[in-house]
Amino acid sequence: SRKQRYRTEISMVNENWKISQNYKDTCIELLSENLASFRAKAGITQAELANLIGISRQTYNAIESGQRVMSWNTYLSLLLFFDTNNATRSMLRSLNVYPKELMITMCGV
């Protein structure tokens, strides 16, 4: 059954790779509150950034204005963009929105 397959898939996830939903929500909230500042510092328009991360400008605008909560996938895409941008990397790291669990698991940091 579908329920049984779901349980099997869940049990196959290595505990070391799990990030709690609460932690995800906190990271998303912190980044969301600072999106306009990050975007301004990077010198990119909403339309350009939305195009880069694969969402519509309207969706991005709703996220930046607090009318919509971003998905974890959008969060990770924005994280990648802002962390690889020289103008925003230190700002991102100082905000502590880079999931520590993810860094520890992936990089051993």
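**Salt bridges and the nonpolar core**

1. The side chains of E64 and R39 form a salt bridge, with N and O 2.8 Å apart. E64 belongs to helix α5 and R39 to helix α3, so this pair ties together parts that lie 25 residues apart in sequence. The model under discussion is a predicted one.

2. The surroundings of this pair deserve attention. E64 has a relative accessibility of 17% and therefore counts as buried, the cut-off being under 20%. R39 also counts as buried, at 16% relative accessibility.

3. How many salt bridges does a search of the whole structure find? The search finds two. Besides the pair already described, D83 forms a salt bridge with R93, and their closest N and O atoms are 2.9 Å apart. This pair links distant parts of the chain, since D83 lies in helix α6 and R93 in helix α7 (residues 89-95), 10 residues apart. D83 is buried, with a relative accessible area of 10%, whereas R93 is partly exposed at 36%.

4. The largest nonpolar core has 24 residues, of which L31, Y75, L78 and F82 touch the most other members. At least two residues of this core come from each of α2 (21-33), α3 (35-42), α4 (46-53), α5 (57-64) and α6 (72-84). Helix α6 gives the most, with six residues. In soluble globular proteins, nonpolar side chains tend to be buried together.

5. Apart from neighbours within four places in sequence, F82 is in contact with L35, F38, R39, A42, L49, T88, R89 and L92.

Methods. Residues numbered from 1 in each chain as written. Predicted model: local features only at pLDDT ≥ 70, side-chain atom pairs only at ≥ 80, totals over all residues. Heavy atoms only, no water. Core = buried A, V, L, I, M, F, W, Y, C linked by side-chain atoms within 4.5 Å. Buried < 20%, exposed > 50% of the residue type's maximum accessible area, 1.4 Å probe, protein only. Helix = DSSP H or I, 4+ residues; strand = E, 2+ residues; numbered from the N terminus. Contact = heavy atoms within 4.5 Å. Salt bridge = Lys/Arg side-chain N within 4 Å of Asp/Glu carboxyl O.
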